[in-house]
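Here are a few notes to read alongside the model. Have it open and follow the points in order.

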Amino acid sequence: MLRRKARRVQGDQHGDPLDADQERRVRAVLALGGVPQADLLDGVQQVRLRLLERAASGREAPRDVSAWAAVVASNLAMDWHRAKRRQERIGERLAALRIPDHTYGEDSSLLSVSVARGLDELPDAQRQVLVLRFYADLPVRGIAEELGIPEGTVKSRLHTAVRALRARLHEDEVV
């Protein structure tokens with residue numbers, strides 16, 4: 001009985017902290033919590049990671065790994081919804097800042113089209129920080145707080161995005 005219980009806490013023989021039943025339960029909790037099917041695997045991996053981090057920090061394993069994993073999965077689902085709402089609020093704020101289209105001449109429309117194409121080609125994370133910094137005029141600290149990422153990550157993404165956009169504008173011979 002003790003061996004069986006110890007094995008349930010430690011997971012399977014391959015070092016996986018979650019057994020198949022626990023993984024199914026985590027997936028179910030995430031799905032019922034509204035996490036899209038495409039993100040379920042990431043959620044399960046997050047639960048595994050937290051369990052491994054707990055063990056690595058020297059804290060004892062939870063008495064009931066299955067219940068603990070379900071609670072962590074529920075918290076992850078809540079975090080997913082918070083992040084989604086945060087993204088929606090940012091989108092709404094950006095939409096409110098949009099300036100109506102005006103004709104400014106051929107040069108500025110060519111620049112606008114090139115910038116729009118350049119933004120479309122950027123990875124989502126880079127485009128997001130670039131738009132928040134230069135279109136929404138948020139400071140680096142504000143962007144980091146809104147997105148829940150370190151300031152250094154914001155700066156790095158901004159640097160890479162600006163470099164890529166600048167290269168695109170030179171390629172289009174706009175600047």
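1. Helices here are DSSP runs of H or I, at least four residues, numbered from the N terminus.

2. A quick word on the source: this is a predicted model, where local features need pLDDT of at least 70 and side-chain atom pairs count only at pLDDT 80 or more, while totals for chains, interfaces and linings use all residues. Residues are numbered from 1 along each chain as its sequence is written, and side-chain values use heavy atoms, leaving out hydrogens and water.

3. Back to the pair: H2 covers residues 20–32 and H3 residues 40–56, with axes 9 Å apart and an angle of about 125 degrees. Axes are lines fitted to C-alpha atoms over the stretch in contact, and angles run from 0 to 180 degrees between N-to-C directions. H2 and H3 are therefore oblique to each other (under 35 degrees is roughly parallel, over 145 roughly antiparallel, 65 to 115 roughly perpendicular, the rest oblique).

4. Who touches whom? On H2, look for residues including Glu23, Val26 and Leu30; on H3, Leu41, Val44 and Arg48 are among them. Contact means heavy atoms within 4.5 Å.

5. Now H7 (residues 140–147) and H8 (residues 151–171): their axes come within 8 Å and cross at roughly 110 degrees. That makes H7 roughly perpendicular to H8. This crossing of H7 and H8 is right-handed. Ile143 of H7 and Leu158 of H8 are among the residues in contact.

Terms used:
Helix = DSSP H or I, 4+ residues; strand = E, 2+ residues; numbered from the N terminus. Left-handed = near helix turned anticlockwise from the far one by under 90°.
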